[in-house]
Amino acid sequence: LHAALAGSLSANHDERQAAENALRGLDAVPGYLPCLLHIISSQEVTAQVKQAGMIYFKNLVQKHWEREYSPETKKDEIVFSEADKQSVRNGLMEALIVANHLTRPQIVESLRKIASVDFPVRMPEFLDAVVSELDPNLVNAQRVLAALIACRALCKVFEYRQTERRLPLNGIISSAFSRIATILELLLTASPDDEQAAEAIKIGIKCFWSCVHQSVPLQLQEPEVFLRWMSIMYRVLERPVPASLSSQTDEAVLAKKPFWAAKRWACQILHRIFHKYGNPKMAEKQFGPTRPGEVTISRIFHDELAVRFMNLILQFLSSKSSSNFLPERAVVECFNY
């Protein structure tokens, strides 16, 4: 399999064609998908071969993961055995940990597809594996980042689902969010120049967004929990960006830097919270006695936070008048607020 993947990268047309044909012939062979994941996760394989293997793996997952054996299954249809699927589920977290910047986005895309079909019923151990890597002491930053990315992928699956289909989010929040908050609080004490810390902060905030963009879930409605997360948003917005970024003239590149992206996501969350909960009288009418936690956080936001965030946002926007860079999307969310 390794030789075929390497051959698919050959500059020689005939060799490349033969390798690609060989790989296509393996699509339905039992054990092929777990072998691809093993190669992607191996430390002994070149980055180019890993990338080739990742493309084949992602395409197979996207096209065929949902399909199961049935009397109507056609002979030419690819159906992965449950043993192969379980092997892949068991290997996803480690694959994400050892991934490089080329393979990680495709592993995340594959994880989201698999989770949309199987989580939590067929992969109950996966969340435990993710939480075990969310080490608040940050002993291994790479493993923590991978766990945050995995958590975001799980949350993203349920982001736009209707309320009754968002129930698995409750388990994710209960198991992971206290640890994520602790990690973010620690990362916010790191040097502003630490790009890996900024990336982890951005991912953690995106996890929070996936859970609150429709409404704040019950587990996050406890006043001390809600205030803790709002404090994190405040600290993200007021955090300075590295002075070294001032030498970058391409605004499109700048906007994608995690230092700025984290701020944009924080602005988006604040706008959403204000839109949903900024008026306590409306909250009382909308949620009433059936959803008292949301009425409570509406009062907290109105009485304790709204003006503080307004002042911070005005301060954030004021740098624009000095010709300093601000991401356009962050500016829009600030004006929306």
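Modeller: Ser-323 is exposed, at a relative accessible area of 69%; exposed means over 50%, buried under 20%, and partly exposed in between (1.4 Å probe, protein chains only). This is a predicted model, in which local features need pLDDT of at least 70 and side-chain atom pairs count only at pLDDT 80 or more, while totals for chains, interfaces and linings use all residues. Residues are numbered from 1 along each chain as its sequence is written, and side-chain values use heavy atoms, leaving out hydrogens and water.

Biologist: Where does Ser-323 lie, and what is its phi?

Modeller: Most residues other than glycine have a negative phi, and most peptide bonds are trans. Ser-323 has a positive phi, near 65°, and lies in the loop between H15 and helix H16 (328–336). Helices are DSSP runs (H or I, at least four residues), numbered from the N terminus. Leu-138, in the loop between H7 and H8, also has a positive phi, near 55°. Leu-138 counts as partly exposed because its relative accessibility is 23%. As for peptide bonds, the one from Phe-119 to Pro-120 is cis, with omega near 0°, and Pro-120 sits in the loop between H6 and H7.

Biologist: Which residues of helix H14 are buried?

Modeller: A handy rule first. An α-helix has 3.6 residues a turn, so residues three or four places apart point the same way. In H14 (residues 280–287), the buried ones are Pro-280, Ala-283 and Phe-287. Viewed down the H14 axis, they fall within an arc of 50° and so line one face of the helix; the arc uses directions from the helix axis to the C-beta atoms. Lys-281 and Lys-285 are exposed on the other side of H14. The buried face packs against helix H13 (258–277) and helix H15 (292–318).

Biologist: What caps the N-terminal end of H14?

Modeller: Asn-279 does, with a side-chain oxygen 3.1 Å from the backbone nitrogen of Lys-281. After H14 comes Gly-288, with a positive phi near 55°.

Biologist: At what angle do H7 and H8 pack?

Modeller: Axes are lines fitted to C-alpha atoms over the stretch in contact, and angles run from 0 to 180 degrees between N-to-C directions. Helix H7 (residues 124–133) packs with H8 at about 140°, the axes being 8 Å apart. Contact means heavy atoms within 4.5 Å, and the residues of H7 that meet H8 include Leu-127, Val-130 and Glu-133.

Biologist: Is Glu-133 buried or exposed?

Modeller: Glu-133 counts as buried because its relative accessibility is 16%. Its side chain and that of Arg-143 are joined by a polar contact of 2.9 Å (a pair of N or O atoms within 3.5 Å, one able to donate a hydrogen and the other to accept it; residues adjacent in sequence count only if both atoms are side-chain atoms). Beyond four places in sequence, Glu-133 also touches Ile-97, Val-144 and Ala-147.

Biologist: How many residues has the largest nonpolar core?

Modeller: A nonpolar core joins buried Ala, Val, Leu, Ile, Met, Phe, Trp, Tyr and Cys residues through side-chain atoms within 4.5 Å. The largest here has 114 residues, and those with the most contacts inside it are Ile-172, Phe-177, Trp-229, Met-230 and Met-233. Helix H8 (residues 141–157) gives the largest share, 12 residues. Among the residues touching Phe-177 are Cys-151, Cys-155, Phe-208 and Leu-220.

Conventions: Helices (H or I, at least four residues) and strands (E, at least two) are DSSP runs, numbered from the N terminus.
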